[in-house]
Amino acid sequence: MTRAGSLQTEAVKRRLLVGLPTLVLLVLFAAPTLIMVLATFQFPDDFGGLAPAWYSDSDGVHLDLTLENYERFAGEAIYLKIFWRSLVYATLTTLFCAALAYPLAMFITRAPSRIRDLLVLLVILPFWSNFLIRVYAWMSILGPRSLFTEGLNGLLGWFGLGPVTLLFTPFAVIVGLVYVHLPFMVLPLYANLCRHDPAWLDAARDLGASPWKTFVGVTLPMSVPGLVAGSLLVFIPALGAFAVPDILGGAQGAMIGNLISDQFLSARDWPFGSTIAVALTLFVVFIAWLMTAVARRLPGGAAHAR
Amino acid sequence: MSLLEMRHITRRFDDDTVAVDDLSLSIQPGEFFTLLGPSGCGKTTLLRMIAGFDDPDAGSLLLDGEELAGVPPEQRPVHTVFQSYALFPHMSVAENVAFPLRMASVRRAEREQRTREALEQVRLADFAHRRPDQLSGGQRQRVAVARALVNRPRLLLLDEPLAALDLKMREQMQIELISLQMEVGITFVYVTHDQGEALALSDRLAVMNNGRVEQVGDPSDVYEFPDTRFVADFIGTCNLLDGSVGQSETGLVYLDVPGLGPLGVASDASPRTGAPGTLAVRPEKVRIDARIEPATHENRLEGTVHDQLYLGDVTVYRIEITDGQLVEAMLPNTSARGERFFDFGDQVQLAWRHDAGRLLAD
Ligand SMILES: Nc1ncnc2c1ncn2[C@@H]1O[C@H](COP(=O)(O)OP(=O)(O)OP(=O)(O)O)[C@@H](O)[C@H]1O
Ligand SMILES: [Mg+2]
């Protein structure tokens, strides 16, 4: 083959390499999103689904669209309240995950190399069993007759405190969310921490930093990219979670995810469900943008790299 | 009083590796002291114990007469320049250099002032706001030195700080390190496996082997008067001629070297006749010519040129005396046009003074 010919096939190959994933993303991501955005302006059909976006009569073709869904979403306090509650739950989940994952990731990083891979495997081991089963397991752990709850209440009674209910409370929802999302915080943090040069720690100690100051001054700022990645991976799905609050939260624990699934499955109001989903998406995009923008400015962030 | 006193330091790893073996050394205030030894001889292990990252299994370390055991690294007035430099990538050059001052809670104005001075000392004032990854290897090395010196430690440890630099840069940095050390007057303990570096930089040096000190002294002492076979061989090149002690007179011992006959060597020791011994003589001390007049106080041998190694400034000739017994002689290339003095197979004579050689007991 001539040189020019082989260059041409190279270019074709490269275009295929970039083009195929782009096409897949367009078909599987952009198109559904557009359909969803369109749905927010449509009317619900009588038995669920969507009414046609246009109709034609003797005068010609008419669009049959509305802003009603947005008005309804913005107008009723309950939706905003649930939105706010979801935000609080997701934020708490992210914070608790970070607090639990950080020491764990550090422990794995500093473990002897022989057992390090095993520890990482243990972190992702829960993924091997079904998600719903794992959440139902929490239901029985936190249930009123469980060993855990009775033990806790026994202990509280000892101090003269009243028995507490765990299941179907915000506490149960957050415990479930933290449990489900913890690996998503541990893995990026671990990936970040194991790229830290151990010599940095020696250098910091050598130059007069106590172990705590070494952590605050070197380890923590250098791990910001890992923390941000983990936080996004936890916060976004936690914000949209619906199975966990459904199973562990009871009536009072509903989150946006429940609201959306209710609109689609029970109320059969697809347009309004889509509206809430679009609002959620916009909000998530905003949060992701905000977090990466802040992280870029922090010491270990991308604005400082290379 | 010596600044740092190491007494019978031993450090073992996994029972069978003895990285540092009953080592004792004392380091004087203000000196440039070098630990020289081959890879794996325990230099880094020793340095880590001085810095406080590791504890000796036995023995004690005293700084200014005070025991260091139990003092964590951050509380030792000892700073280290690491081989990898270990600069903090998320901090600018100035922030890196200011780090020890910040840890010591030095006030901001003074901190900035001293950081600037330290950067000027290593000629990096213009690079204060760069990130470490925007610097060349030599510049990073200078940042690491400035950072380790800025808070005026009692002792500066340098672990092969020039190993990652190319030859030209290394030579330049050697000169800079010497003048910097004189300027700041801080005691340096420098680790290297490069004998040239050790000779060029040090006030005193210790040659290490297998976790032990083989010899301590100033560079010319160690070079000219190696105490052991290892030192003679490790520093520079050396002819090592094995034989047994023959007759001896005051200040002079004759060593019977098989194939070469008795060779005189100045020695204050009076070893037992028949004891094994080695004569060490540096190639540059050996004269070589077509004919050399016999002289007292000299050893004289005859042989043929076996091969020669042209090194530009000097040529090393290897002369075969008897079957297989080779002696190296080094000759500066002083001829105007670079012609060689001798060729393969030439008959030549060698000579060196009795006091140019050294009798090694082991
Ligand atoms: N943490 C450790 N665990 C086990 N063995 C070790 C450890 N650190 C060092 N050693 C061993 O101790 C010996 C001395 O190592 P050290 O790093 O002090 O050598 P070095 O003189 O600094 O060598 P180099 O010039 O290659 O840096 C080596 O045999 C090494 O394998
Ligand atoms: Mg070393």
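This is a predicted model: local features need pLDDT of at least 70, side-chain atom pairs count only at pLDDT 80 or more; totals for chains, interfaces and linings use all residues.
**View 1. Polar contacts where chain B meets chain A.** Five residue pairs are in polar contact between chain B and chain A, with both partners at pLDDT 80 or more.

**View 2. Salt bridges across the two chains.** Chain B and chain A share two salt bridges. One to look for is B:E74 with A:R205, whose side chains meet at 2.7 Å, N to O.

**View 3. How much gets covered up between chain B and chain A.** Here 24 residues of chain B touch 23 residues of chain A. An interface's size is often quoted as the accessible area lost when the parts come together. For chain B and chain A, that comes to about 1900 Å², with 60% of it on carbon and sulfur atoms. Which three residues supply more of the area that chain B buries against chain A than any other three? They are B:E74, B:H90 and B:M103, which together account for 33% of chain B's share. B:E74 is also the chain B partner in the salt bridge with A:R205.

**View 4. A salt bridge along helix α1 of chain A.** The side chains of A:E10 and A:K13 pair up in a salt bridge at 3.8 Å, N to O. Both residues belong to helix α1 (residues 3-39) of chain A and are three residues apart, about one turn of the helix. Over all chains, the salt bridge count comes to 21.

**View 5. An aromatic cluster in chain A.** Ring pairs tie A:F73, A:Y79, A:F83, A:F272 and A:F283 together into a cluster. Counting over all chains, the structure has 18 aromatic pairs.

**View 6. Arginines over rings in chain B.** B:R147 has its charged end over the ring of B:F88, 4.8 Å from the centre. Elsewhere in the chain, B:R282 lies over the face of B:Y223, at 4.0 Å from the ring centre.

How values were computed:
Residues are numbered from 1 along each chain as its sequence is written. Chains are lettered from A and ligands numbered from 1 in the order in which they are written. Side-chain values use heavy atoms; hydrogens and water are left out. Rings of Phe, Tyr and Trp (its six-membered ring) pair if their centres lie within 6.5 Å; planes under 30 degrees apart count as stacked, over 60 as edge-to-face and the rest as tilted. A charge sits over a ring if NZ of Lys or CZ of Arg is within 6 Å of the ring centre and within 35 degrees of the ring normal. Contact means heavy atoms within 4.5 Å. Buried area is the accessible area (1.4 Å probe) that two parts lose on being put together, summed over both. A salt bridge is a side-chain nitrogen of Lys or Arg within 4 Å of a carboxyl oxygen of Asp or Glu. A polar contact is a pair of N or O atoms within 3.5 Å; within protein, one must be able to donate a hydrogen and the other to accept it, and residues adjacent in sequence count only if both atoms are side-chain atoms. Helices (H or I, at least four residues) and strands (E, at least two) are DSSP runs, numbered from the N terminus.
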